[in-house]
Amino acid sequence: MTTTKPTLFSEIENSIKELDPQTISNERKEVLQPLTDFIQSKVSENQVIRLNFICTHNSRRSHLSQVWAQTMANYFNIKNVFCYSGGTEATALFPMVAETLQDSGFQIKTISNNDNPVYSIKYADNEHPIIGFSKKLDDDFNPKSEFAAIMTCSQADGGCPFIAGAEKRIPITFEDPKVFDNTSQQAEKYKERSLQIATEMFYVFSQINL
């Protein structure tokens with residue numbers, strides 16, 4: 001039985017084709033290597049891969065990482081990858097994150113609109129959408145064991161030396177685009193961060209030997 005590669009939305013495919021992994025420094029590749037190793041070990045053992053991307057507020061970087069990691073797993077046809085995100089506290093997914101992802105070709109639908117909106121984030125016609133909303137890292141929506149905790153911000157990385165249930169804790173921190181909120185550079189900086197995360201997740205999953 002042959003496994004067909006899922007078809008991403010064409011606009012997302014085009015966004016991915018424009019990424020340049022050559023821009024990733026050797027130092028940064030060393031930071032990404034433990035995540036590559038974790039995924040590879042699970043693939044080699046034919047085990048489920050659970051990745052929980054963690055930031056302080058679960059509002060920006062952790063969601064961008066979750067969405068792009070899930071998308072790249074599908075792009076490279078790596079099966080049984082389930083990506084999550086959480087925070088040391090719950091706030092709300094920042095609207096500019098949804099807008100930025102939409103600009104890259106994701107189909108975003110608001111499922112509920114309150115202080116902590118819930119979004120459906122689709123990257124392919126026949127794949128289950130990612131459900132995006134802010135939650136604590138140990139929320140019932142997230143795995144309780146057998147996952148890698150990827151720390152996407154230095155504050156959460158420093159404040160959470162131990163993540164209950166995590167098989168592995170991997171710091172891969174990103175600069176916060178929040179510092180550009182309500183400035184003329186806001187959209188540009190959110191796109192810049194999203195594309196950095198997309199490029200790095202592309203690199204990680206491109207290294208996996210099936």
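Guide: A polar contact is a pair of N or O atoms within 3.5 Å, where one must be able to donate a hydrogen and the other to accept it, and residues adjacent in sequence count only if both atoms are side-chain atoms. This is a predicted model, in which local features need pLDDT of at least 70 and side-chain atom pairs count only at pLDDT 80 or more, while totals for chains, interfaces and linings use all residues. Residues are numbered from 1 along each chain as its sequence is written, and side-chain values use heavy atoms, with hydrogens and water left out.

Visitor: Which residue's backbone oxygen does the side chain of Thr-199 reach?
Guide: Thr-199 belongs to helix α6 (a DSSP run of H or I, at least four residues), and at 8% relative accessibility this threonine counts as buried (under 20%, 1.4 Å probe). At 2.7 Å, its side chain reaches the backbone oxygen of Leu-195.

Visitor: How much space lies in the largest pocket?
Guide: The largest pocket is lined by 23 residues, and Gln-70, Val-81, Phe-82, Tyr-123 and His-128 lie nearest its centre. The largest share of that lining, five residues, comes from β2, a strand (a DSSP run of E, at least two residues). The volume, which is the space filled by probe spheres set on the grid points, is about 460 Å³.

Visitor: Are Cys-55 and Cys-153 buried or exposed?
Guide: Cys-55 has a relative accessible area of 5%, and that of Cys-153 is 1%. Since both values are under 20%, the word for Cys-55 and for Cys-153 is buried.

Visitor: How many disulfides does the count come to?
Guide: A disulfide is a pair of cysteine sulfur atoms within 2.5 Å. The sulfur of Cys-153 is 3.2 Å from the closest cysteine sulfur, in Cys-55, and this is too far for a bond. Cys-55 is therefore in no disulfide, and by this rule the count comes to zero.

Methods: 1 Å grid on protein atoms, 1.4 Å probe; cavity = no way out; pocket = protein on both sides within 12 Å on 5 of 7 lines; lining within 4 Å. Buried < 20%, exposed > 50% of the residue type's maximum accessible area, 1.4 Å probe, protein only.
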